[in-house]
Amino acid sequence: MKKQWMTGIIIGVLLLMGASTMVYAKGPLYGNQDISIQATSENTAVKTDTTLPLSTDTPQVKFRGIWGYEGSNETCGYLGGVLVKRERVVVLKGLWNTTDNMTKGNIVGILKRGYFNGKIITQNQTKYRIVGLYRYDAENNLLHLRWMTAQQTGWAHCRILVN
């Protein structure tokens with residue numbers, strides 16, 4: 001019990017010392033940079049569309065490939081879209097369809113540390129969760145996915161295109 005009290009007192013003293021240096025610091029702690037935020041109608045308006053903003057100064061990364069179900073080597077459809085870097089994850093946003101063009105939809109998800117997590121939206125707005133593993137082959141610019149939904153498992157192979 002004594003050790004816990006002593007640890008609590010030491011932490012409290014350190015926090016008070018840190019807070020007092022912040023209060024008495026002259027000027028901003030981050031240097032001589034001036035930050036000015038201008039409120040415009042674009043920033044304050046509520047956005048209702050689900051499109052992801054793409055930066056114009058960075059190259060756009062697209063992907064295009066095929067997908068199929070586990071257990072068969074036949075292609076069941078095509079997929080394509082864009083990859084956007086967002087802080088520590090890569091956001092995948094694209095379209096998919098079957099080879100006979102009977103079923104189409106959107107796919108949205110994140111790629112992080114070898115794992116894929118997202119959702120599939122069909123034409124009639126039915127949503128399915130999708131998870132899986134991915135591997136990026138930098139030498140050949142290929143993205144390999146092993147995906148799984150509640151009912152099915154499968155694969156996807158995509159070529160990465162940088163504009």
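Q: Before we look at rings, what makes two of them a pair?
A: Rings of Phe, Tyr and Trp (its six-membered ring) pair if their centres lie within 6.5 Å; planes under 30 degrees apart are stacked, over 60 edge-to-face, and the rest tilted.

Q: OK, and what kind of model is this?
A: It's a predicted model, where local features need pLDDT of at least 70, side-chain atom pairs count only at pLDDT 80 or more, and totals for chains, interfaces and linings use all residues. Residues are numbered from 1 along each chain as its sequence is written, and side-chain values use heavy atoms, with hydrogens and water left out.

Q: How many aromatic pairs turn up?
A: Four, searching the whole structure. One of them is Trp67 with Tyr69, edge-to-face at 5.4 Å centre to centre and 90 degrees between the planes.

Q: Are those two buried or exposed?
A: Trp67 counts as buried at 9% relative accessibility, while Tyr69 is partly exposed at 29%. Buried means under 20% relative accessible area, exposed over 50%, and partly exposed in between (1.4 Å probe, protein chains only).

Q: What about Trp67 and Trp147?
A: That pair is edge-to-face too, with 6.3 Å centre to centre and 70 degrees between the planes. Trp67 lies in strand 1 and Trp147 in strand 7, so the pair ties together parts that are 80 residues apart in sequence. Both Trp67 and Trp147 are buried.

Q: Which residues does the ring cluster link?
A: Ring pairs join Trp67, Tyr69, Trp96 and Trp147.

Q: Switching topic: what's the secondary structure?
A: Two helices and eight strands, in the order α-α-β-β-β-β-β-β-β-β. Helices (H or I, at least four residues) and strands (E, at least two) are DSSP runs numbered from the N terminus.

Q: Which way do strand 1 and strand 8 run?
A: Antiparallel: nine bridges join strand 1 (residues 61–69) to strand 8 (residues 153–162). Strands pair if DSSP finds at least two bridges between them. Gly68 has Trp155 as its bridge partner in strand 8.

Q: And strand 7 with strand 8: how many residues sit between them?
A: Four, in a hairpin. Strand 7 (residues 142–148) pairs with strand 8 in the antiparallel sense over seven bridges, and Leu142 stands opposite Arg159.

Q: How many residues are in the largest nonpolar core?
A: It has 18 residues, and those with the most contacts inside it include Phe63, Trp67 and Leu111. A core is a set of buried Ala, Val, Leu, Ile, Met, Phe, Trp, Tyr and Cys residues joined through side-chain atoms within 4.5 Å.
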